[in-house]
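Please read the notes below with the model open beside you, and look up each residue as it is named.

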Amino acid sequence: MTTIDQLDWQETVDLLCFSAARQILAGVSFAEFRDRMEGMVGLLLNAGGVPKKAQSPEMLRSMATMVALEIWNVTPVPENRFRPRKQPKPERNAPCLCGSGKKFKHCCAAVDGPELGISEELMLSKVLSTFSRKRLLELPLLELSPHALAAVAHDWLETERPKDAVTLLEKLFAHLPELDERAEWAADVLLNAYMEVDAPRKKQKFIEALKAAPDKMLASTGWQRQTVVFSDRGEYAKAWEAFREAQRLTPNEPALSHLEVLVLVSEGRRAEAQARIQKEDAVLDSTGIRELRKRPVFTTPNAFPPQGYGDKATQ
């Protein structure tokens, strides 16, 4: 398979998902959606490293059917209480969904292409991204995925709409006692949005609310941010007190190691910071585990094309 840049694949999948969400919200039938997908899977195959000469009409038709099925069946529909309207996968001897008249097993099922790994949560974020701020605020936010709401707000921060991000997530966190660790990213995004709109008092008020949250992960998030605030002010004794409280709440949280190093560096204790990094690396190497130290981009779980994608598609 041709080596490709990760961003090319991610952008292609992202474009495909966003376009699919708009079409499904517009009320197209599955048959029409599948037909339209034939004009889009070529982009996906290109990004997946499948040579153009190998992209036969039969392959495009088959891939369109399978990709359409995968996306359709994980796309929440607002009129269906934000649940997908499932299109059953045909039995092997049933007529193929592409309309060829052949049995499914002899038609689109013959291409053994792996799934893209697109989740319902990802598609919910694409659906919500098409809503106006007014419509979003009218939704029952507690019934929706906090991660998907965070993804929408994060996109707004990236496109210079921080006030909209604040408005959306403030409504979500009005129900803070009812939220759990799934809202952790949303909390981070709201704190970043407060910095973008230059609202330090609102930011500190939210940190205080997080620190008192019933959920330990959310409370730890508040204490971690409090650690950074004190460290930035040069109040290191208070910063270490806040850090220890976060550590008490979530002792196995990987982000704490990174935070500890940042505070040590800020305090000018670089030798200790370096020793801490080396110790952590030794532990990770011994276990074979290396945790990511930054929050992942909210996208398909298959950040690269699935292994063997091009090979399977051309078989």
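**Notes on the predicted model**

1. Confidence in the protein chain is lowest in helix α15 (residues 309-313), with a mean of 50, and highest in α10, with 98; the score in question is pLDDT, the predictor's confidence in each residue, from 0 to 100, and helices here are DSSP runs (H or I, at least four residues; strands are E, at least two), numbered from the N terminus. Over the protein chain the average pLDDT is 86, and 86% of the residues score at least 70. Residues 1-7 have a pLDDT below 50, and this stretch has 13 contacts in the model beyond near neighbours in sequence, a contact being heavy atoms within 4.5 Å. Residues 286-301 are also below 50, with 30 contacts beyond near neighbours in sequence. Where pLDDT is low, the predicted coordinates should not be read in detail.

2. Residues are numbered from 1 along each chain as its sequence is written, and side-chain values use heavy atoms, with hydrogens and water left out.

3. A search of the whole structure finds 6 aromatic pairs, where rings of Phe, Tyr and Trp (its six-membered ring) pair if their centres lie within 6.5 Å, and planes under 30 degrees apart count as stacked, over 60 as edge-to-face and the rest as tilted. One of these pairs is Phe 33 with Trp 72, which is tilted, at 5.6 Å centre to centre and 50° between the planes. The pair links distant parts of the chain, since Phe 33 belongs to helix α2 (residues 30-37) and Trp 72 to helix α4 (residues 57-72), 39 residues apart. Phe 33 has a relative accessibility of 0% and counts as buried, a term that means under 20% relative accessible area, with exposed over 50% and partly exposed in between (1.4 Å probe, protein chains only). Trp 72, at 12%, counts as buried too. Phe 30, Phe 33 and Trp 72 form one aromatic cluster.

4. What kind of pair do Phe 173 and Phe 206 form? Their ring centres are 5.0 Å apart and their planes are at 65°, so the pair is edge-to-face. Because Phe 173 lies in helix α8 (residues 162-173) and Phe 206 in helix α10 (residues 200-211), the pair ties together parts that are 33 residues apart in sequence. Phe 173 counts as buried at 9% relative accessibility, and Phe 206 does so at 8%.

5. Charged side chains also meet rings. The charged end of Arg 135 sits over the ring of Phe 131, 3.8 Å from its centre, which requires NZ of Lys or CZ of Arg to be within 6 Å of the ring centre and within 35 degrees of the ring normal. In the other example, the charged end of Lys 211 sits over the ring of Trp 223, 4.4 Å from its centre.

6. Helix α11 (residues 216-233) has 18 residues, which at 1.5 Å a residue should span 26 Å, and its end C-alpha atoms are 26 Å apart, in agreement; the expected span is 1.5 Å times one less than the number of residues. Because 13 of its 18 residues are buried, α11 is largely enclosed by the rest of the structure. At its start, a side-chain oxygen of Asp 215 comes within 3.0 Å of the backbone nitrogen of Met 217, and α11 is followed by Gly 234, whose phi is positive, near 80°.

7. In helix α7, the buried residues include Leu 149, Val 152 and Trp 156. Among the elements that cover the buried residues of α7 are α5, α6 (133-137), α8 and α9 (184-196). Glu 160, with a positive phi near 60°, follows α7.

8. Finally, two loop residues. Gln 55, in the loop between α3 (41-47) and α4, is buried, with a relative accessible area of 14%. Phe 104, in the loop between α4 and α5 (120-129), counts as buried at 2% relative accessibility, and its contacts beyond four places in sequence include Met 66, Pro 95 and Ala 110.

Definitions and conventions: Polar contact = N/O pair within 3.5 Å; in protein donor to acceptor, adjacent residues only side chain to side chain.
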